[in-house]
Amino acid sequence: MDTTIKNSNLKSEEYFINMGPQHPATHGVLRLLLTIDGEIIKKVEPDLGYIHRSIEKMCERDSYQQIVHLTDRMDYLSSHINNEAVCLTVENALQLEIPDRVKVIRTIIGELTRIASHTLWWGVMGMDVGALTTYFYGFRDREMINDIFEETCGARLTMNYNIPGGLMFDIHPNFVKRTKEFIAHFKTKLPEYDTLLTGNVIFQKRMKGVGMLTKEDAISFGASGPVGRGSGYSCDVRKHHPYSALDKVTFNEVLKTEGDSFARYQVRIEEMWESMSIIEQLIDNIPEGDVQVATNAVIKLPKGEFYQKVETARGELGVYINSTGTKNPYRLKFRSPGFSNLSLLNHIAVGGKIGDLVASMATLDLVIPDIDR
Amino acid sequence: MNISLNITKTITELLSGFMSEGAANIGAMVTIALIYLAIFAVAGLYLVLLERKIAAWFQLRLGPNRVGPWGLLQTMADALKLVSKELTGTVKADKFLFNLAPYFVIVSSLMALSVFPFTQEFQAFDINIGIFFLIAISSIGVIGILLGGWASNNKFALIGAMRSGVQTISYELSVGLSLLTMVLLTGTLQLSEIVEVQKNGWLIIQGHIPAVIAFMIYMIAGTAETNRAPFDMVEAESELGAGFHTEYSGMKFAYFFLAEFINMFIIAAIATTVFFGGWLSPFGITESIPWLGVFWFIGKTFMLVFLMMWFRWTFPRLRIDQLLTLEWKYLLPLNLLNIILMAVIVWLNLTIQF
């Protein structure tokens, strides 16, 4: 980026290229309209709509119990946290008293989801910068979490464990044991991530000083999650508006001020350590009690507007419900983290090379069904 | 054991028994070319299998293990599949150049194989400008890549081809200069004589410091010239999909694919010949059995091939400007200094000889 030729008579023509909807770096069906001058990016225009399923419209048709089964298809890597967000909104609207056991289990599974999402991100992040081996190391550790989920929730990816009023059923007897095993395992494996990729000189050259995002820009673009925190914007919902059992635990909000791709990378790696510490604080003290409170078979929310935000692996997910007092929401809107994070792609990629675009896009950790609901 | 490995002489003598001398010479050339083609097409396929197995070991997987014992027939099956596939092309592509491109690539890499001395006598073509011939031939391949990318009528392919052009032209310099450093030490370009010189110690030991520097530069530049990771800008799959061969299918794609692996073998074989004593055994332990030279040559080559695969499955990819910075700002000046250092060492007779 610092090597632009000044005062040169040489002129080249800009050209247009379609990156996606089928492209290895877009991780799904995102289409990027690139205007390129040689290798240098002049403009990036994301084009959405290839995986639009009208989830928000479908929610207006469904009852509140049914909505939970749609939300885990949005950001499928944080399916538990998405469902938790909807359930929390409904529970707050009904002013239900949720048992502590539910809160703790929800938090533990939420943090496990975060680790699973970050390990997957780390794997594909390495692939995007050309280190293909990282993928398998990331997936090895994610597989253990998926096994835990499978035992307790019955599904590995899009699990429907939350219901308005609590959890669908109690945890599996093996849950505590296997979670502890995983934490012990992952504590030895996470340093491997650093040895394989973080310390690599090529990787650092690809990451440092690339995809710069200042704190002001992060705020004005609505960035959240690790993208915002990589620019020094303190935006962790878990810290500022604790939900479930997050007010009972101590953890650090990871903040980096550099604002480049490497800062966003480091935030996610350190978040995995923080998540492990949260799980360790809770796993031995899961309170006894019920796993759900009785709700009516047909849940009717009082008339009014309800909003709840949670921190998914990608950032701030907001659920807005406008109810007219019937069994369906009149309007339901998700504020998804990926959408605002994608909006700053043009800002951070212009002026860089094609390789920089791919690397910066990887650090945004986009999940397309989350952006394109 | 007394096996005559001087194949050129053996076959010419055999053929001249029943035809004129001229016809026998041509007949011998064709026969040897066919033998080489057959051997290295199969060797290329098994390099692909080796790469897949090594990748699997790096990545906590098993690798191909279904077709044949330990997956030994996997790449054969893949090749059969590729042969049977339809050859597709793009609309408005330059058909002639599009079809021509794969042959440039595969022919240049197969031609380079002819000059390697696999043992003292097993060498198809022993010319006195061996190193020069190798450098010249291996740079023809880039024409094929450029043509393929240009004629595909696909922008991703074009970007890949342009990257390849820039990269190969740059790193050609380092490959050439690092080999030239070693030529200063041997005083000959002929590959068979370069191996003879090493009977007093492999060149990497004879030339000690500058030879080690030259070897490191050679391996970096050689990896870059074969367009392999961490220098796989040409087909950077996360950026360009498949790069210059996006539009190729079937056997034409297979030519590009095979050429990549044969090129890797060539780069490792040059390094073996020039730095590690070619077919010579360590400390002359098998000097009395000449045909074991093939074993030593292939063994050393595969160690270096393994090194290149190790690079590929460990390192992330460089960016195009970092790639050029590495060459023009670091490797090239270092290389030029290294040549002077080598010249001084040869002049002052500071080489290590046993």
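This short talk walks through a few parts of a two-chain structure, which is a predicted model.

Let me begin in chain A, with an open sheet of 3 strands that run in the order β6-β7-β8, with antiparallel pairing. As a reminder for those new to this, strands of a sheet pair through backbone hydrogen bonds, either parallel or antiparallel. At the edges of this sheet sit β6, residues 304-311, and β8, residues 331-335, each of which pairs on one side only, and from one strand to the next the twist averages 10°.

Is α3(A) mostly covered or mostly uncovered? It is mostly covered, with 14 of its 16 residues buried, and the residue that follows the helix, Q95(A), has a positive phi, near 55°.

Let us now move to chain B, where helix α6, residues 141-151, is largely enclosed by the rest of the structure, because 10 of its 11 residues are buried. Among those buried residues are V142(B), I145(B), L146(B), L147(B) and W150(B), and the buried set packs against four helices of chain B, namely α4, α5, α7 and α12. Just after α6(B) comes N153(B), which takes a positive phi of about 60°.

Next comes the largest nonpolar core, which has 189 residues, and in which Y218(B), F265(B), A268(B) and A271(B) touch the most other members. The largest share of this core, 18 residues, is supplied by α12(B). If we set aside the neighbours of A268(B) within four places in sequence, this residue is in contact with T301(B), L304(B), V305(B) and M308(B).

Finally, how many residues of each chain are in contact with the other chain? There are 23 from chain B and 27 from chain A. On the chain B side, α11, residues 237-240, and α14, residues 320-347, each supply at least two residues, and by class that side has 10 nonpolar, 5 polar and 8 charged residues.

Notes:
Residues are numbered from 1 along each chain as its sequence is written. Chains are lettered from A and ligands numbered from 1 in the order in which they are written. This is a predicted model: local features need pLDDT of at least 70, side-chain atom pairs count only at pLDDT 80 or more; totals for chains, interfaces and linings use all residues. A residue is buried if 20 or more other C-beta atoms lie within 10 Å of its own, exposed if 12 or fewer, and partly exposed in between; C-beta atoms are placed from the backbone. Two residues are in contact if their C-beta atoms, placed from the backbone, lie within 7 Å. A nonpolar core is a set of buried Ala, Val, Leu, Ile, Met, Phe, Trp, Tyr and Cys residues joined through C-beta atoms within 7 Å. Ala, Val, Leu, Ile, Met, Phe, Trp, Tyr, Cys and Pro count as nonpolar, Asp, Glu, Lys and Arg as charged, and the others, Gly among them, as polar. Two strands pair if DSSP finds at least two bridges between them. Axes are lines fitted to C-alpha atoms, for helices over the stretch in contact, and angles run from 0 to 180 degrees between N-to-C directions.
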